[in-house]
Amino acid sequence: MHDSTRTGASERTRKTNESNNMKQFVKASAILLVAAVLASCNPSTWKNINYLQDIQQDTAMVMAVNNGIIIQPQDQLSIIVTSRNPAIAVQFNKSISNYTTGTEMGITGGTQRITGYVVDNSGDIDFPQVGKIHVAGLNRWELQDMITELLSTSGLLTDANVTVEFMNFKISVLGEVPNPGTYSVTGDKITIFQALALARDLTIYGQRDNVMVIREQNGRRQIYTVDLRDSDIFNSPAYYLQQNDVVYVTPNSVRAGQSTINENYFKSGGFWMSLGSLSITLANLVYTVIRLN
């Protein structure tokens with residue numbers, strides 16, 4: 001009688017110890033899981049996300065000189081000449097052409113636009129009454145002054161007022177941004193931050209310290225790498241963008257790893273077997289916790 005009682009008590013003690021050990025194991029696992037989640041939210045990771053981290057509050061900085069967009073071959077320029085004598089000035093202005101937009105079903109609408117002057121491969125434009133003008137390498141203000149001087153010294157138009165604008169100023173933003181694409185720019189000045197804003201900023205997977213600007217100029221391709229976290233970006237030649245620049249945001253290692261997971265992987269039998277095994281393990285863990293309580 002006493003032996004069976006001691007045996008029963010010993011068995012209950014063993015089960016109690018096992019139960020306590022299991023509870024401790026479950027609690028320890030939960031603590032480790034919470035710690036892992038908190039570690040992923042460590043403020044130190046913000047160093048890879050925040051822009052211009054080294055700038056102090058209320059800091060005044062000297063701005064880099066923006067020399068404007070440099071004219072290159074294949075650029076399309078709007079050159080408007082006005083004067084007190086419109087009958088003479090009109091010969092220097094490109095006419096407004098009508099363009100129709102069509103589909104397979106027929107014409108759907110029409111637009112009007114100035115044809116503009118196209119810079120040839122030699123960097124020249126053919127200007128009425130003046131002839132060839134070499135414009136490549138100039139900005140629009142320099143070209144305005146040049147044409148005004150040519151019209152005056154040649155006696156064609158002594159009171160000319162010349163306005164030059166770019167008609168094909170576009171930049172492209174690619175990589176880890178929500179809205180990659182090619183954007184037309186109004187005016188002749190845009191910064192790399194403004195370009196990224198057009199594409200709705202970087203995603204969380206974009207490398208802030210490895211943004212590339214690809215530029216083609218004077219027959220050469222130049223690649224600049226900028227760090228959005230560092231105020232030295234304001235002194236970079238890539239801070240102010242030029243026409244046809246391509247801004248590429250490099251993905252981080254997390255996004256690169258995700259790129260190896262494709263639709264075929266989710267269709268494979270190995271994926272579903274792994275998912276089923278994980279589900280069974282989680283179900284057993286939940287059942288054990290409920291039974292212990």
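**Exercise 1. Aromatic pairs**

How many aromatic pairs does the structure hold? Describe two of them by geometry, location and burial.

*Solution.* The structure, which is a predicted model, holds six aromatic pairs. A pair of aromatic rings is described by the distance of the centres and the angle of the planes.

Step 1. Phenylalanine 92 and phenylalanine 127 have ring centres 5.7 Å apart and planes at 5° to each other, and this pair is stacked. An angle under 30 degrees is what the term stacked requires.

Step 2. Phenylalanine 92 belongs to the loop between α2 (86-89) and β2 (96-103), while phenylalanine 127 belongs to strand β5 (residues 124-127), so the pair ties together parts that are 35 residues apart in sequence.

Step 3. Phenylalanine 92 counts as buried because its relative accessibility is 0%, and phenylalanine 127 also counts as buried, with a relative accessibility of 1%.

Step 4. Phenylalanine 193 and tyrosine 239 form an aromatic pair of the edge-to-face kind, with 6.3 Å from centre to centre and 70° between the planes. Since phenylalanine 193 lies in helix α4 (residues 192-198) and tyrosine 239 in the loop between β11 (220-226) and β12 (246-251), this pair ties together parts that are 46 residues apart in sequence. Tyrosine 239 is buried, because its relative accessibility of 13% falls under the 20% limit.

Step 5. Phe193 and Tyr239 also belong to one aromatic cluster, together with Phe234 and Tyr240.

**Exercise 2. A charge over a ring**

Over the face of which residue does lysine 94 lie?

*Solution.* Lysine 94 lies over the face of tyrosine 117, at a distance of 4.7 Å from the ring centre.

**Exercise 3. Residues in loops**

Where are leucine 138 and asparagine 235 found, and is each buried or exposed?

*Solution.* 

Step 1. Leucine 138 is found in the loop between β6 (131-134) and α3 (140-153), and because its relative accessible area is 18%, leucine 138 is buried. Leaving aside residues up to four places away in sequence, leucine 138 touches Ile69, Ile70, Ile71, Leu143 and Met146. The C-alpha atoms of leucine 138 and asparagine 67 are separated by 9.7 Å, although these residues are 71 residues apart along the chain.

Step 2. Asparagine 235 is found in the loop between β11 and β12, and counts as exposed because its relative accessibility is 57%.

**Exercise 4. Positive phi**

What is the phi of glutamine 129, and what is that of aspartate 201?

*Solution.* Most residues other than glycine have a negative phi, and most peptide bonds are trans.

Step 1. Glutamine 129 is not a glycine and yet has a positive phi of about 70°; this residue is found in the loop between β5 and β6, and it counts as exposed at 56% relative accessibility.

Step 2. Aspartate 201, not a glycine either, has a positive phi of about 70°, and is found in the loop between α4 and β10. At 32% relative accessibility, aspartate 201 counts as partly exposed.

**Exercise 5. The chain as a whole**

How many helices and strands are there in the protein chain, and what percentage of its residues is buried?

*Solution.* The protein chain has seven helices and twelve strands, and buried residues make up 26% of its 293 residues. Of the contacts with a separation of 6 or more, 61% are accounted for by residues 24 or more positions apart. The chain exposes about 19,400 Å², of which carbon and sulfur atoms supply 55%.

Methods. Residues are numbered from 1 along each chain as its sequence is written. This is a predicted model: local features need pLDDT of at least 70, side-chain atom pairs count only at pLDDT 80 or more; totals for chains, interfaces and linings use all residues. Side-chain values use heavy atoms; hydrogens and water are left out. Rings of Phe, Tyr and Trp (its six-membered ring) pair if their centres lie within 6.5 Å; planes under 30 degrees apart count as stacked, over 60 as edge-to-face and the rest as tilted. Helices (H or I, at least four residues) and strands (E, at least two) are DSSP runs, numbered from the N terminus. Buried means under 20% relative accessible area, exposed over 50%, partly exposed in between (1.4 Å probe, protein chains only). A charge sits over a ring if NZ of Lys or CZ of Arg is within 6 Å of the ring centre and within 35 degrees of the ring normal. Contact means heavy atoms within 4.5 Å. Accessible areas come from the Shrake-Rupley method with a 1.4 Å probe; for residues, only the protein chains shown count as cover.
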